[in-house]
Every structure is written in C-alpha cells, then in structure tokens.
Amino acid sequence: MTSVMIDTGNYIAAKAAVMACPDVVAAYPITPQTTLVEGIAKYLHTGEFKGEYICVESEHSAMAACIGASATGIRTFTGTSSHGLLLMHEMLHWAALARLPVIMCNINRVVGPGWNIWADENDSISQRDTGWIQFYCSSNQEIFDTVIQAFKLGEHEQVSLPVMISYNAFILSHTSMPVFVPEQKEVDDFLPKRKAKWKLEVENPITFGNIILPNEYEKVRKEMQDAQNNAKELIPTIAKDWKKRFNRFHGGLLEYYKCDDAEYVLLSMGAIGAESKVAIDNLQKNGYKVGLARVRVIRPFPTEEIIKLSKKADLIVIDRNISVGNEGVLFNEIKGALFGMSDAKVYGFIAGLGGKDVTFGDIEIMCKKAIKGKAKDHQIWYGLEEV
Amino acid sequence: MILLFIQNSYMQHFHSQNRECIVVTSRKLVEIVFHGRGGQGAVTAANLLVAAALSDGNKGVQAFPFFGAERRGAPVRAFARISEEEIHLRSEIYEPDIVIVLDESIMDIVDVLKGLKKNGKILINTRKKPKDFDFSNKFDVSTVDATGIALKHEILVGGIPVVNTPILGSIPRLLDRVTLKSIQKTVKEKWKGDLSQKNVKATQDAYDQVEVNI
C-alpha cells in the first residue's frame, strides 16, 4: 500500500535514503542541505534508521567516512551542498576511482563569494569530471524515486560507481509537495542488500588503493568509462522497472514532454526543467512547434539521444551554470555531442544564476527568440544582454 | 452567512516580469501569498494549508517560503499553490488569487496588494472591518481578529500570540477548495494534547468570526 506524504525536498530525500537502509550515514550540515541531515537524525531518533550515523567535522571527512565504510562492502549515504561539495572534491575523485557506490544528495547552491544561498548548478557541474554519475531532479517525487534507484544503479556490478542526486536549493529543498511513498517491503524487494565484489575484512586482509603503474592506471580510467556507459543503458532499464512496480516514471536519461512533431526542442534541467513544461504548454497553444527534453542525467552524458533529437529538431538550451571563459556546460556539451553528426542549430541561454527566479514567461521569451531567429549563434545571458 | 468562492475562471493574466506574455491560467490553480513577520509562522501556515488541501482531494499542492535575510520580526512571505492537477510551476507567485496578512502593521511597509489579481481576495488579521480599508472597493476584503482569538485560547509562544493556525480557520470562507474539517484534522496531526485542542477551537472561531465586505 502506497501512502502519500507531504514534505519538503530535503525531508523527502531523508525518507528515501532511510528506506534504502544504508548502514552508514556521515554528513556535515550546510545551508540548504541542513534539513536533510535533520530528517535523518529524526529517523535515527524514532528507530526507523537502523544504521550508524557518524558525526564528522567537515564535508571532506564526511566523504572520507563514507568511502571507508563503503570499502567494507556496506551501503552508505551522505548529503551536502555548494562549498561543502567543493570541500569534498579530492574525496569525490577517490570514491569514483575506488569504484565505491556512495550515494549522495547535493542541493544545488551558489558558490561564493558574494555570499548567496540560492539555487545555481555550478557546484555540482564543476564536479562533473570526478567520475560520479549525476542526476538532476525537478520534483520531490522524482527526488524520492531517484534516491532509491540510485542505490540500485551505483551498486550494480556493471557500474560500481558513486551517484550524486542534485536538486535546486529552496525551490525543491524547502518546498513542500505531495509524494507517494511505497511500503518498506516493496522498497526492499526492489533494492536487496548490497553485494560488493570486494571488501575490506579483518579475516581476509587485502590491500586497497596501492601504487599503480602507468599502463595499469590507464585501464582503471577506461573501466570507469565503460561503467559509465553501462549506466547509460541501466538508468532507463531501472526507471522502467520502477514504473512497472510503482507506476511512476520521470524519464530515463532525458524526460520527453510533448516532443512529437516538434521542430524545436528545449533542453533544460532541474527546477527550470519542470517550469519549462508550463512554457511548452503555452507555446504549443499559441502554435509554436516546440517540445521539451528535460535532461535528468549529465554523467553519463546522453549523447546518442541528443543526436537523435537533433535529426528532427533544432535545439534550445538553458543553462543554470557557466563555465566561465567558455559557455554553459549543457550548451557546450550538446554542441560537442552533435559535432559531425547533425546540422541542427543549437541556441544557448544562461539564466537563473545566483538563484534568480526563472518563470515560464522567461522560458517562453527565450524559446520565441530562438524560434524567430532573433537569437544569435552564440550564448545569450538572458536578462543581461540585448538579443 | 455568505460564502465567497474563488472566481478565477478564464482569467487572463499578464506575467508581472514579462508583460509581453499573455497566459491563460488554469482555472484549477489557486495561488496564495502569506505576509507576516519572522517568527509568526507564515511558512507553517502555508504548509498546513496545503496539507489540508491535499486531504480535500487537491492532487497538486505546493508550499514554500521566500528565503531572504529573514529574522524574528522582519517582513516574510510564504507561498501556497492548490490545484486539481500536478503542479509544474517552480517559480515564485507574482499574481496571487488570495493574499493573507498575518500582521496588519506590515501593510505600512510592504505593498501586500502588489500583483493581486482583479477580483482577488485579501484576508487581514485586524480588529477593523473590511470597509475600513480604502481598497475594499477594489478587492474582496475579509477581516478576522486572529490575534484576539489566539489570546482568548492562550495560544502563545514566549507570551506572544501566535496567529498562523487560528487564521487558517478563516480560509474556507474564501476558498471552497479547502474545508474547515480538513484544516482541523491537519492541526490535530501537527500538535498534540492541550495545544491541539486550543488550536482546533481557534480555527472554529476564526471560521465563525471572519467578516467579508459583501
């Protein structure tokens, strides 16, 4: 029996994490992730969380504790945001290279200075080369479902990689929405206990993370790449299995919304991805042939699906991030994916940095500029640059 | 007793930031802004309201605060959306159907009417009557002495009356999508024992005592 729970994104993430039965949670509080940790502490108090909570003195230690725990073959979870994620940077590489399926929520928040606690995706986008699988959610239900699916994915023997589930500061982390919550037994059936390929054991000593010579190291990187490619296949498969069990589906690598007969496809992520649906409804009502492909996963990058989209439509991209000195990362990587494979035009917009509100009206304007040919072929800072 | 129902059908609205966009809002979506002071529980009020709306069968509900440099006593806002369908909106509310003012004095420093839709409703915690407000010829104004009700039922934190729960009782008089029964059920789930009873009685008083300008 599914029950309905109404709560904020962070409390929903805490609920999902606890239902996945991690053996260890180690986290350090930071705005706006704080209530996620608070939620887990609450479940520890009520006895619903039966694992061990390790109090640490920093995010670097939180990730180090999860890595150590995960290396013993058990299930681990943590959460962070912005500067906390950046402090973990070294350990993020470590978790991925050690092929440890640590699962982490990251609440997308601006990087300072100037000091700002609002939504912006530069924190996790800047960690995209660490080897972590990266999801971006657009609703509390998607947070719940994705957190549990992430354990199944990361722990899969063909993947064995850490997974980051990102969602926007406040817009999701502190917004109450109703969420369908399955029974514990249903989650247990979907997500059995972790079976690690290797683990640190007192009775069976092995070395781990020892010196590795150049030729062998290169193979380690290649294997990570293969694992990411395996994840590309498994993400839609796991999502479909979830749909069969719970009748909920948020898409695979991408979520397609009204893309049939679209001459233009908008690609956006996170909360802007949800708001985009309202914009697409309005644009289609007014005769514009534009659909939406909400990007749920950027690592592995959905190259093949984006090439497929570009065969039928020109693409419009909104980035809530900027690789300063170049372009928004989604815009840049989409163009990279299409190089030599498609003649589709790609229009890029930067919007919503620093937590600036992006409304459906804003999204409609961006789409219309692109469709009416008023957008230049370089990326436009929406609201800051005249088009 | 005159029951007022929300009249947001077929309303065309212009987005406040981008007036070139004409948008037909779903007649099923109701957007509510709470104005209060830090510590008065505007965010809790929004959360309780949508929880009640959910149990009244509204499938899409959403409650969220505006996070700024808020602190005790400073003006704060909280937002609520209620719809029969899943809500995809993630932006702030710029053109509410209903405005709820928890602290009358805030109206001296905040333009609480900003963006309020034509035929929009405003509910104010005050001892005054709706006609005492000069904008009562333009908007549907409702008033309730939520502070007096909180004092009567001794709903106090640090000696200060807490109005967020009592005022929820008045909302079913403005909005048929939420029932007093569900609000009281939600209140009972939130608080236990004596405090729960006091709050339930307060919502009943706020339901009975609200005055509307029609």
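**Exercise 1.** How many residue pairs are in polar contact across the interface of chain A and chain B?

*Solution.* The model is predicted, so local features need pLDDT of at least 70 and side-chain atom pairs count only at pLDDT 80 or more, while totals for chains, interfaces and linings use all residues. Residues are numbered from 1 along each chain as its sequence is written, and side-chain values use heavy atoms, without hydrogens and water.

Start with the rule: a polar contact is a pair of N or O atoms within 3.5 Å, where, within protein, one must be able to donate a hydrogen and the other to accept it, and residues adjacent in sequence count only if both atoms are side-chain atoms. Applied across the interface of chain A and chain B, with both residues at pLDDT 80 or more, this rule finds 8 residue pairs.

**Exercise 2.** Describe the area buried between chain A and chain B.

*Solution.* Buried area is the accessible area (1.4 Å probe) that two parts lose on being put together, summed over both. For chain A and chain B this area is about 2300 Å², and carbon and sulfur atoms give 61% of it.

**Exercise 3.** Determine how the axes of helices α11 and α12 of chain A are arranged.

*Solution.* Helices are DSSP runs (H or I, at least four residues), numbered from the N terminus, and axes are lines fitted to C-alpha atoms over the stretch in contact, with angles from 0 to 180 degrees between N-to-C directions. The axes of α11 (residues 303-312) and α12 (residues 329-338) of chain A come within 9 Å and cross at roughly 75°. Angles of 65 to 115 degrees count as roughly perpendicular, and α11(A) and α12(A) are therefore roughly perpendicular to each other. In the contact (heavy atoms within 4.5 Å), α11(A) takes part with A:Thr303, A:Ile306, A:Ile307 and A:Ser310, and α12(A) with A:Ile334, A:Ala337 and A:Leu338.

Technical notes
Chains lettered and ligands numbered in written order. Helix = DSSP H or I, 4+ residues; strand = E, 2+ residues; numbered from the N terminus. Parallel < 35°, antiparallel > 145°, perpendicular 65-115°, else oblique.
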